[in-house]
Each structure stands twice: as C-alpha cells, then as structure tokens.
Amino acid sequence: MNIWIRIAMVAAAGGFGAVCRYIIELLLKNSPLGFATWVINSLGCFLIGIFAGWLINTHCDWGDDTKTSFALITMTGFCGGFSTFSSFTLDSVKYYENGHFFTWLIFATMTLFVGLFGCALGYYLGKHL
C-alpha cells in the first residue's frame with residue numbers, strides 16, 4: 001500500500017480522535033482540573049487494548065494490508081489523536097507546581113494504574129471477540 005495513503009488514513013483517523021477528545025473535554029468542562037484528561041487517557045488505553053487484542057486474535061481471513069490499515073486507523077490514528085499523555089503530564093506538573101503534592105500523587109498514580117488496567121482488560125476482551 002502506498003505510504004501516502006497510509007499517511008492520509010492516520011491523519012483522518014487522528015483528526016477524528018482529536019475531535020472526540022474535544023467533545024469529551026466540552027462535556028466535562030466543569031469537572032476538576034485533570035478529570036477530563038484522566039477519563040480520556042483511561043478510555044484511550046482501554047480502546048487501544050481492545051483494538052490490539054482483537055487484531056492479534058482475529059481469525060478473519062484478512063490480508064496483511066487490511067490488518068495494517070486497521071492498526072493504522074484505530075491505534076495509530078484514532079487512539080493517537082484521542083489520547084495523549086502530554087496533557088496528563090502538563091496537568092501533573094500544574095498540580096505539583098501549585099503545591100498540591102497529594103493530589104499530584106493520586107492523579108498520576110490513578111492515571112497510570114487505570115490506564116494499564118484498561119489496556120490489559122481491553123486487550124483481553126479484544127482477543128475474545
């Protein structure tokens with residue numbers, strides 16, 4: 001498959017992921033600082049786990065190009081545009097900088113724990129679809 005087609009697929013799916021992220025941020029705009037980022041990162045970790053687990057365990061008779069396209073669209077594109085840890089780290093730095101050490105510690109720990117758990121759960125479920 002042409003590299004430019006792959007780039008276009010990632011760009012389109014990444015744009016859609018970014019729009020979905022923005023919608024969630026709007027819906028949670030009155031939440032405490034960092035909550036929307038936590039929700040987005042947790043959901044993103046779960047979704048990438050689902051996609052990866054399903055892709056690895058699928059018994060569909062897809063060609064390599066189709067599997068590659070699926071991975072580029074769902075994981076690289078959508079999940080990449082939807083969830084980034086750069087927002088997480090910025091929120092964390094703000095907590096720490098403002099002297100909210102306990103909040104920083106809880107936020108960082110819960111984000112990592114739920115993200116890892118969500119990815120593992122999604123991976124397991126994806127393998128069994």
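In which sense, right-handed or left-handed, does α1 pass α2? The crossing of α1 past α2 is right-handed; a crossing is called right-handed if the near helix is turned clockwise from the far one by less than a right angle, and left-handed if it is turned anticlockwise. This is a predicted model, in which local features need pLDDT of at least 70 and side-chain atom pairs count only at pLDDT 80 or more, while totals for chains, interfaces and linings use all residues. Residues are numbered from 1 along each chain as its sequence is written, and side-chain values use heavy atoms, with hydrogens and water left out.

The overall plan comes next. The protein contains five helices and zero strands, and from the N terminus on its elements run α-α-α-α-α. Helices (H or I, at least four residues) and strands (E, at least two) are DSSP runs, numbered from the N terminus. Along the principal axes, the C-alpha atoms of the protein fill a box of roughly 55 × 30 × 25 Å. Of the 129 residues in the protein, 33% are buried; buried means under 20% relative accessible area, exposed means over 50%, and partly exposed lies in between (1.4 Å probe, protein chains only). A contact is defined by heavy atoms within 4.5 Å. Among the contacts in the protein with a separation of 6 or more, 72% join residues 24 or more positions apart.

Confidence is expressed by pLDDT, the predictor's confidence in each residue, from 0 to 100. The protein has a mean pLDDT of 92, and 100% of its residues reach 70 or more. Among its elements, α1 has the highest mean pLDDT (97), and helix α4 (residues 85-97) has the lowest (84).

The packing of the helices can now be followed pair by pair. Two packed helices are described by the angle between their axes and the distance between the axes. Axes are lines fitted to C-alpha atoms, for helices over the stretch in contact, and angles run from 0 to 180 degrees between N-to-C directions. For α1 and helix α2 (residues 35-57), the axes come within 9 Å and cross at roughly 140 degrees. The helices α1 and α2 are therefore oblique to each other, given that angles under 35 degrees count as roughly parallel, over 145 as roughly antiparallel, 65 to 115 as roughly perpendicular and the rest as oblique. On the α1 side, Arg21, Ile24 and Glu25 make the contact, and α2 contributes Ala36, Thr37, Val39, Ile40, Asn41 and Leu43.

Helix α2 also packs against α3, at an angle of about 175 degrees and with the axes 9 Å apart. These two helices, α2 and α3, are therefore roughly antiparallel to each other. Their contact includes Leu47, Ile48 and Phe51 of α2 and Phe70, Met75 and Phe78 of α3. With α4, helix α2 has axes that come within 10 Å and cross at roughly 145 degrees, and α2 passes α4 in a left-handed crossing. Here Thr37, Asn41 and Cys45 in α2 meet Phe85, Ser87, Phe88 and Asp91 in α4.

Arg21 belongs to helix α1 (residues 3-27) and counts as buried because its relative accessibility is 9%. Leaving aside its neighbours within four places in sequence, Arg21 is in contact with Thr37, Ile40, Asn41, Gly81, Phe82, Ser83, Thr84 and Ser87. Ser69, in helix α3 (residues 64-82), is buried at 10% relative accessibility. With neighbours within four places in sequence again left aside, Ser69 is in contact with Met1 and Met9.

Lys94 lies in helix α4 and counts as partly exposed at 33% relative accessibility. The C-alpha atoms of Lys94 and Pro32, 62 residues apart along the chain, are separated by 13 Å. Ala120, found in helix α5 (residues 101-127), is partly exposed, with a relative accessible area of 47%. Between the C-alpha atoms of Ala120 and Lys94, 26 residues apart along the chain, the separation is 29 Å.

Cys79 is in no disulfide either, and its nearest cysteine sulfur, that of Cys45, is 8.8 Å away. The structure as a whole holds zero disulfides, a disulfide being a pair of cysteine sulfur atoms within 2.5 Å. Cys79 itself is buried, with a relative accessible area of 4%.
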